Amino acid sequence: MNIAILMGRMTRDPELRYTSSGKAYTTFTLAVQKTKDEAEFIDCVAWEKTAENIAEYFRKDNRILIQGRLSVSSYEQNGEKRKSTKVQVF
């Protein structure tokens with residue numbers, strides 16, 4: 001089972017965008033507190049109505065609770081293989 005539940009603060013205002021086919025999406029980063037002085041920065045992406053709601057109601061420094069699944073993708077940059085992990089928000 002692949003489920004991620006995170007609570008954190010938005011690091012910037014979410015920006016609503018659209019694919020060429022008209023599908024709404026937004027990407028944002030959550031700062032999730034690890035210890036009193038440390039945080040993990042988690043990249044997230046939301047689609048369609050969820051993306052529209054996040055873009056309308058949340059701003060930088062707002063606390064948000066999200067649920068989604070981890071998504072790992074591979075790519076090559078300057079001849080090096082790299083991996084990227086994001087949370088696909090439900």
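Two strands pair if DSSP finds at least two bridges between them. The model shown in these views is predicted.

**View 1. Strands S3 and S4 pair in the antiparallel sense.**
Strand S3 covers residues 24–33, and strand S4 covers residues 39–47. Nine bridges link the two. A hairpin of five residues takes the chain from S3 to S4. Look for Leu30: its opposite residue in S4 is Ile42.

**View 2. Strands S4 and S6 run parallel.**
Strand S6 spans residues 80–89. Two bridges join S6 to S4. Which residue of S6 is the bridge partner of Cys44? The partner is Val87.

**View 3. Leu30 and its contacts.**
Leu30 touches residues from several stretches of the chain, even when residues up to four places away in sequence are not counted. Leu6, Gly8, Arg9, Met10 and Thr11 are among them. Glu40, Phe41, Ile42 and Cys44 also touch Leu30. So do Ile64 and Ile66.

**View 4. The largest nonpolar core holds 13 residues.**
Four residues touch the most other members: Phe28, Leu30, Cys44 and Ile66. Strand S1 (4–10), S3, S4, helix H1 (48–57), S5 and S6 each give two or more residues to this core. Which element gives the largest share? S3 does, with three residues. In soluble globular proteins, nonpolar side chains tend to be buried together.

**View 5. Gln67 sits in strand S5.**
Strand S5 runs over residues 63–77. Is Gln67 buried, exposed or partly exposed? Gln67 counts as partly exposed because its relative accessibility is 38%, and partly exposed lies between the 20% limit for buried and the 50% limit for exposed. Gln67 and Ala4 are 63 residues apart along the chain, yet their C-alpha atoms are separated by 5.6 Å. Leaving aside neighbours within four places in sequence, Gln67 is in contact with Ile3, Ala4 and Ile5, and also with Gln88, Val89 and Phe90.

Leu65 belongs to strand S5. Why does Leu65 count as exposed? Its relative accessible area is 55%, and exposed means over 50%.

Notes
Residues are numbered from 1 along each chain as its sequence is written. This is a predicted model: local features need pLDDT of at least 70, side-chain atom pairs count only at pLDDT 80 or more; totals for chains, interfaces and linings use all residues. Side-chain values use heavy atoms; hydrogens and water are left out. Helices (H or I, at least four residues) and strands (E, at least two) are DSSP runs, numbered from the N terminus. Buried means under 20% relative accessible area, exposed over 50%, partly exposed in between (1.4 Å probe, protein chains only). Contact means heavy atoms within 4.5 Å. A nonpolar core is a set of buried Ala, Val, Leu, Ile, Met, Phe, Trp, Tyr and Cys residues joined through side-chain atoms within 4.5 Å.
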